Amino acid sequence: MESRPPQWWAPPPGPLTAPWLLGLLLSPWTVQLAGGQSVVHLGSPIMVSLANKIISFSCNITYPCTPEFQTFTFGFYHVNLQDQQSSEEKIPCQPSVGTQNQTCTTKCRVTATLPSSSATGTYYCSVRWPNSRKRGSGTFILVRDTGYREPPQSPKKLLFFCFIGLLSALSILVTALVLWKKALQRQDTEVYACMQNEDNSPPSSWKLLSQEKPHLFENDSECNLVYENL
């Protein structure tokens with residue numbers, strides 16, 4: 001009896017050999033695409049929010065439009081600056097309706113109120129299917145405890161009136177100083193004029209001599225009369 005080598009693989013007979021081989025080569029990629037899911041964060045990768053304020057971000061979920069993947073649970077969680085992970089919070093999100101065996105994309109929105117700066121961290125969209133789970137790349141949210149607040153209207157008016165009152169008081173003070181300076185200048189001018197008049201006037205002795213001269217002349221006439229009688 002003749003011995004034949006073992007036949008490890010043999011293509012099926014007939015004209016379907018080439019298409020069958022092409023399907024065999026592409027079968028691994030087809031399985032990979034059919035089971036591929038992705039979660040993509042939309043918008044800015046970094047956000048800033050004040051404490052106790054509502055903040056939101058969205059994620060696109062891509063999956064095959066098959067009954068296996070059209071049932072999923074959507075939620076989010078975050079990892080803080082100390083690398084501590086929070087519990088996952090579920091959010092309702094309805095899957096998109098698409099054609100069988102094609103790719104579906106569903107947009108889910110996360111809306112949260114962050115209490116304080118301790119909530120700062122990276123927030124992740126999370127999707128759970130019956131047999132798998134996917135998460136996004138994350139959105140970093142910086143939470144600030146306090147922010148700038150405009151002062152109430154009444155203090156603004158109070159400050160305005162105080163400012164006007166201060167300007168009025170300064171104006172009155174400046175006016176009083178100007179008037180006081182003018183009064184001092186006028187007083188100095190009068191004193192200087194009086195001093196000049198005293199310097200130009202003759203001494204008081206001259207006035208006394210002028211008053212005594214008539215008496216001297218009267219005495220001389222009396223002496224002459226006495227001399228004639230003699």
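1. Cysteine 93 and cysteine 108 are both buried, where buried means under 20% relative accessible area, exposed over 50%, and partly exposed in between (1.4 Å probe, protein chains only). The two are joined by a disulfide with an S to S distance of 1.8 Å, a disulfide being a pair of cysteine sulfur atoms within 2.5 Å. With -85° about the S-S bond, this link is left-handed. Cysteine 93 lies in the loop between β5 (89-90) and β6, and cysteine 108 in strand β6, so the pair ties together parts that are 15 residues apart in sequence. Strands (E, at least two residues) and helices (H or I, at least four) are DSSP runs, numbered from the N terminus.

2. The model is predicted: local features need pLDDT of at least 70 and side-chain atom pairs count only at pLDDT 80 or more, while totals for chains, interfaces and linings use all residues. Residues are numbered from 1 along each chain as its sequence is written, and side-chain values use heavy atoms, with hydrogens and water left out.

3. By the distance rule, the count comes to 3 disulfides. With bonded cysteines counted along the chain, their pattern is 1-6, 2-4, 3-5.

4. Cysteine 59 and cysteine 125 form a disulfide with sulfur atoms 1.9 Å apart. The torsion about their S-S bond is about 80°, so this disulfide is right-handed. The pair links distant parts of the chain, 66 residues apart, with cysteine 59 in strand β3 (residues 53-64) and cysteine 125 in strand β7 (residues 121-128). Cysteine 59 counts as buried because its relative accessibility is 0%; cysteine 125, at 0% relative accessibility, counts as buried.

5. Between cysteine 65 and cysteine 104, the sulfur atoms of the disulfide are 1.4 Å apart. A torsion of about 120° about the S-S bond makes the link of cysteine 65 and cysteine 104 right-handed. Cysteine 65 lies in the loop between β3 and β4 (73-80) and cysteine 104 in strand β6 (residues 103-114), so the pair ties together parts that are 39 residues apart in sequence. Cysteine 65 is buried at 1% relative accessibility, and cysteine 104 is buried with a relative accessible area of 3%.

6. Cysteine 162 is partly exposed, with a relative accessible area of 47%.

7. Tryptophan 180, in helix α2 (residues 153-200), counts as exposed because its relative accessibility is 55%. A nonpolar surface patch of about 1100 Å² has Trp180 as one of its residues, others including Phe160, Leu170 and Leu184. Patches are made of residues with over 30% relative accessible area and no salt bridge, with like charges joined within 9 Å and nonpolar side chains (Val, Leu, Ile, Met, Phe, Trp, Tyr) within 5 Å. A salt bridge is a side-chain nitrogen of Lys or Arg within 4 Å of a carboxyl oxygen of Asp or Glu. Accessible areas come from the Shrake-Rupley method with a 1.4 Å probe; for residues, only the protein chains shown count as cover.
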